[in-house]
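Subject: Structure for your review

Dear colleague,

Here is the structure I said I would pass on. Please open it alongside the notes below.

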Amino acid sequence: MIVFLFAWEALAVALLTFGVVTSGPTTALDWGRFGILAVCATVHIQLTRRQEERRRNRITAVHIDLSGIWVFPGALLLPIHLTLLLIVIVRVQRWFNSRRPPHKFVFTSFTHAVSAFAAHQLYQTFASAELENLSPDNSLKLFGILMLVGFCYAALQAIVIGSLLALGGTSAPTLSNVLGTKDDNLLELSTIGLGTIATILLVNFPPAIVILVLITVLGNRLAEINQLQSEARTDPKTGIFNVRGWSESADRALTRAARGNEMLALLMIDLDHFKWINDTYGHPAGDDVLRTVAQTLDDITRPKDIIGRFGGEEFLILLPDVDQTAAKVAAERIRTAIADQQIVTTDKRGGRARITGRTTSIGVALLGPNGSTVEQLLHAADAAVYAAKEGGRNQVRFADADPPPRVV
């Protein structure tokens, strides 16, 4: 990770030096556009400072910064040295919000600068003349080119920063932690879209760009609300649904299954002797096991399957459109996959450790024979898990059909 960090920063310095040396003269128009973008970015940053602090403090991996709305048009329209000055203005103000380790902050700043340089080169090659002569005839083509340039601008940042995270910048290098979640990428796409609009306004109707300041402030607020909603439904340790999020999704899936007279199965997965892991290796190792199991479940299930953490060492999976045979196959595949895991972690003294050969007991309940509600299926699957444990663990058990009513 350290080698990658220094190699990238050395390459960035070389590219940016080349860009500055070969840049053309600065005009009064360039300074005017720079001033507008710098003022708009500053107003946006200061009005959303508290929100940005709260968002950053709740994020451990990828963070989408909406200030790209102002940097992107600067990258396209300004000489590279003015773009770098704009990035410095934005990043210095963000520094007082983020308080991240300096090496990460500098690395991210260099990445933004190189992405801006690449976007500028693409814009000058394919879109500069088109934007200067904007008309209804070329508007659709121009917008498509600008969005494609924006995609390249965002993709370069995602690849470089994601590479650093994958090499050791995060303790849980899952795909969503490295490249961002679906919501993260949608927010990034929206940022590029607004940056594209800002570019068009700055060239053709500069005063109207003030409206985007209000939109970005609202965008920050909506991003924070969306983050809070996601956190309320997500288990922070594993990144999958918590009980609340899983139950809400399971209820909707059950309603669809009942309406369409479809089959459905619920799997309750209980890791065997999980306490032994915590006692032997320590709780951080136990957390690594939980995260690895959650990632494995996500990898070997279908997109429409609903995965959640029930609590402790128990996981839940709702399988729509499966019968008893398919549920048995899915449960055995999960049991085998967990047994095959080789989890690299640390022991109580911080030394390297590898946990292998873990087993799991799985209980399966079927919609219809074992109940018609999520609660009934949970009770049935829980009873099947206990039967699996009493039967020797490391096995799959189905709930009994038509279980007797529970006595309260």
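Predicted model: local features only at pLDDT ≥ 70, side-chain atom pairs only at ≥ 80, totals over all residues.

Helix pair

Helix α4 spans residues 68-77 and helix α10 spans residues 182-204; their axes come within 8 Å and cross at roughly 50°. The crossing is right-handed.

On the α4 side, the contact is made by Gly-68, Ile-69, Phe-72, Pro-73, Leu-76 and Leu-77. The residues of α10 that they meet include Thr-191, Ile-192, Leu-194, Gly-195, Ala-198, Leu-202 and Val-203. By class, this contact has ten nonpolar residues, five polar and no charged ones.

Leu-131

Leu-131 sits in helix α7, residues 128-132. Its relative accessible area is 0%, so Leu-131 counts as buried. Leaving aside residues up to four places away in sequence, Leu-131 touches Leu-77, Tyr-123, Leu-142, Thr-199, Ile-200, Val-203 and Asn-204. Leu-77 belongs to the α4 side of the pair above, and Thr-199 and Val-203 to the α10 side. Thr-359 is 228 residues from Leu-131 along the chain, and their C-alpha atoms are 62 Å apart.

Annotated spans

An unreviewed UniProt entry annotates residues 69-93, 143-169 and 189-218 as "transmembrane region". In the model, residues 69-93 are 92% helix and 0% strand, with 15 Å between the end C-alpha atoms. For residues 189-218 the figures are 83% helix, 0% strand and 16 Å between the end C-alpha atoms.

Regards

Definitions and conventions: Residues numbered from 1 in each chain as written. Heavy atoms only, no water. Axes fitted to C-alpha atoms, helices over the stretch in contact; angles between N-to-C directions. Helix = DSSP H or I, 4+ residues; strand = E, 2+ residues; numbered from the N terminus. Left-handed = near helix turned anticlockwise from the far one by under 90°. Contact = heavy atoms within 4.5 Å. Nonpolar A, V, L, I, M, F, W, Y, C, P; charged D, E, K, R; others polar. Buried < 20%, exposed > 50% of the residue type's maximum accessible area, 1.4 Å probe, protein only. UniProt positions renumbered as here; feature names shortened; annotations may be inferred.
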